[in-house]
Amino acid sequence: MRERIEYKTPDQVRVMRRAGLVVAEIHTALREAAAPGRTTAELDDVARQVLDRAGARSNFLGYHGYPAHVCISVNDEVVHGIPGERVLADNDVVSFDCGAVVDGWHGDAAFTVVLGEGDPRDHALSEATRTAMWDAIAALAGGGRLDVVGEAVEDAVAAHVAAGHEPLGIIEDYVGHGIGSAMHQPPDVLNYRASRRGPKLRPGMCLAIEPMLTRGTIETRVLADDWTVVTADGARAAHWEHSVALTDDGLWVLTAEDGGAAELQTRNVRIAPLS
């Protein structure tokens with residue numbers, strides 16, 4: 001039996017935008033704070049302070065027992081890394097997955113940074129993942145069915161390789177999702193082509209688009225903490241994500257400060273005139 005998709009009203013989307021702006025503020029604070037010598041626990045506290053100031057709560061803390069406010073995944077950690085005493089170092093690849101709940105509605109978004117000068121291949125990995133995310137978001141504007149996301153991610157990775165960069169793997173074990181009155185809702189949002197096309201795209205859908213790419217194998221394993229997902233071969237990974245609303249008037253990237261305007265206008269995508 002197919003799980004039911006939750007379609008949001010414009011007013012509900014506006015509340016989700018408030019949650020999304022808290023997530024955007026967390027991202028800004030973490031970008032400023034992330035540096036060699038900081039522990040991941042210290043950065044988790046940076047996120048907590050933003051949530052407290054906003055009167056919001058983390059949708060990660062306590063989720064199936066998760067013990068922190070955000071996920072911080074380093075180098076070969078793909079997703080769900082638990083903040084702790086790990087000290088960040090020059091050239092680390094660090095992914096931050098952050099969420100907020102405002103009046104019962106959720107926001108969820110992730111980004112990756114390379115600390116210090118970094119390996120050019122790691123910078124290329126993060127940029128390819130970011131580009132794949134934005135291309136997939138833009139593809140939603142064309143209508144059709146949800147499989148446009150996986151097609152766009154695969155096409156972006158192919159273009160990355162065609163431009164002379166090393167091949168990248170698209171993680172298949174973890175995918176995007178619907179979002180709204182819960183952090184994870186139907187439908188699953190695949191980052192790769194599949195035989196099933198997925199549901200028809202409709203106004204009121206809110207989706208978390210989140211490709212995860214790796215410089216090696218797409219195989220993963222979960223560490224003994226039962227949360228941290230790492231690449232099976234130790235290759236570095238990147239993770240980018242935004243929560244997006246489909247409306248009658250266009251797309252609204254709920255977790256981007258500008259609603260996605262800067263990126264989507266370059267792709268000739270109409271931005272919803274919501275406030």
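**Overall dimensions.** I looked up the radius of gyration of the protein chain, taken over C-alpha atoms. A compact globule of 275 residues would have a value near 19 Å, and the chain has 17 Å, which agrees. The rule I used for the globule is 2.2 Å times the number of residues to the power 0.38. I noted that the C-alpha trace spans about 45 × 45 × 40 Å along its principal axes.

**Basis of the entries.** The model is predicted: local features need pLDDT of at least 70 and side-chain atom pairs count only at pLDDT 80 or more, while totals for chains, interfaces and linings use all residues. Residues are numbered from 1 along each chain as its sequence is written, and side-chain values use heavy atoms, with hydrogens and water left out.

**Secondary structure and packing.** I found five helices and 14 strands in the protein chain; these are DSSP runs numbered from the N terminus, helices being H or I of at least four residues and strands E of at least two. Of the 275 residues, 56% count as buried (under 20% relative accessible area; exposed is over 50%, partly exposed in between; 1.4 Å probe, protein chains only). Among contacts (heavy atoms within 4.5 Å) with a separation of 6 or more, 67% are between residues 24 or more positions apart.

**Asparagine 59.** I located this residue in the loop between α2 (40–54) and β1 (71–74). Asparagine 59 counts as buried because its relative accessible area is 4%. I then checked its polar contacts (N or O pairs within 3.5 Å; within protein, one atom must be able to donate a hydrogen and the other to accept it, and residues adjacent in sequence count only if both atoms are side-chain atoms). The side chain of asparagine 59 reaches the backbone nitrogen of alanine 100 at 3.5 Å, and a polar atom of that side chain lies 3.1 Å from the backbone oxygen of glycine 107. Leaving aside neighbours within four places in sequence, the contacts of asparagine 59 include Val101, His106 and Met183.

**Backbone geometry.** I recorded a cis peptide bond from proline 186 to proline 187, with omega near 5°. Proline 187 belongs to strand β7 (residues 185–189).

I also noted positive phi at residues other than glycine. Asparagine 91 has phi of about 75° and sits in the loop between β2 (77–79) and β3 (93–102); its relative accessible area of 34% makes it partly exposed. Asparagine 268 has phi near 60° and is found in the segment after α5 (261–265). With 74% relative accessibility, asparagine 268 counts as exposed.
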